[in-house]
Amino acid sequence: MQGLLVLAFLTVFFVATNALVSNCTCKGELSMGTYSVSWMIRDNNRSLVDFNVSVNTDANTWVAVGFSEDRFMPITDVAIGADNGTDSFVEDRWNNGTRSVGPIYDTEQNFIYTSTSRYNDMLTISFTRPIDSPDDTQDLDLTQCRYVLWAYGGSVSMFPSMMSDEAASGLTRHTMRGVFSKQICLCPANETCPTAAPPSTEAPTSSAFSVANFAIITFIFILIAAIF
């Protein structure tokens, strides 16, 4: 019976692990309503990743995307930006545990390239960041799977840039926010980039979880057989 239990455990472990690894992407897109975030690894070394965040929103409002270990706002790595047609910014920010004044200005700005555009009411911010960030206090590495949080609609009282923690209070609270059920999992350099999947609007259950669930069910049947 012990041999069967060990076999069942190894089945669950290896099948689930391989499924999660094979679920990585080199480019992809998530969307919710008019909000969308897309990404693409930009170099062969898999060291940098480009992001584009778009939403239909008023001219004097901001849009943000966050990367988190869980589905909640505290301890979240944030990119936030705005464009009112004259002034604009894209900034590296950090939601700490208290978030008393919203996402604070990161003391290490690790975005390499940034840009903004506005067409009618469609705001787009773009940025490039290291996948493995050198900032280990106010950034989260994207070498691991992360939940993707989205928010927009708060107003901006300072342009073109907010350069202090206190200035973060100039960002009023978002009017819309949420979290995608599907995580972003970037492929490491030793993994082959899969064919890009169609944009996900509801973050459906991935094949990785389906296979993992199958492995768990197999484990249960083996366990029952071992007992009886």
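Strand β6 (residues 88-95) is largely enclosed by the rest of the structure, because seven of its eight residues are buried; buried means under 20% relative accessible area, exposed over 50% and partly exposed in between, with a 1.4 Å probe and protein chains only. Strands here are DSSP runs of E with at least two residues, helices are runs of H or I with at least four, and both are numbered from the N terminus. This is a predicted model, in which local features need pLDDT of at least 70 and side-chain atom pairs count only at pLDDT 80 or more, while totals for chains, interfaces and linings use all residues. Residues are numbered from 1 along each chain as its sequence is written, and side-chain values use heavy atoms, with hydrogens and water left out.

On one side of the pairing story is strand β5 (residues 76-83), which runs antiparallel to β6 over eight bridges; two strands pair if DSSP finds at least two bridges between them. Ala 79 has Asp 92 of β6 as its bridge partner. Four residues separate β5 and β6 in their hairpin, and Gly 85 in the turn has a positive phi of about 95 degrees. Strand β7 (residues 104-105) also pairs with β6 in the antiparallel sense, over two bridges, with Trp 94 opposite Ile 104 of β7.

Take a look at Glu 91, too, which is found in strand β6. Glu 91 is buried at a relative accessible area of 2%. Its side chain makes a polar contact of 2.8 Å with that of Arg 93 (a pair of N or O atoms within 3.5 Å; within protein, one must be able to donate a hydrogen and the other to accept it, and residues adjacent in sequence count only if both atoms are side-chain atoms).

## Aromatic pairs

The structure holds seven aromatic pairs. Rings of Phe, Tyr and Trp (its six-membered ring) pair if their centres lie within 6.5 Å; planes under 30 degrees apart count as stacked, over 60 as edge-to-face and the rest as tilted. One of the pairs is Tyr 35 with Tyr 152, which is stacked because the ring centres are 6.2 Å apart and the planes meet at 20 degrees. Tyr 35 belongs to strand β2 (residues 35-41) and Tyr 152 to strand β10 (residues 147-155), so this pair ties together parts 117 residues apart in sequence. Both Tyr 35 and Tyr 152 are buried.

Phe 51 and Phe 127 are another stacked pair, at 5.2 Å centre to centre and 20 degrees between the planes. Phe 51 sits in strand β3 (residues 48-56) and Phe 127 in strand β9 (residues 122-130), 76 residues apart.

## Disulfides

A search of the whole structure finds three disulfides, each a pair of cysteine sulfur atoms within 2.5 Å. Counting bonded cysteines along the chain, they follow the pattern 1-5, 2-6, 3-4.

Cys 24 is joined to Cys 187 with an S to S distance of 2.0 Å, and this link is right-handed, with 95 degrees about the S-S bond. Cys 26 and Cys 193 have their sulfur atoms 1.9 Å apart, and their link is left-handed at -75 degrees. Cys 26 counts as buried at 9% relative accessibility, whereas Cys 193 is partly exposed at 35%. In the disulfide of Cys 145 and Cys 185, the sulfur atoms are 2.1 Å apart.
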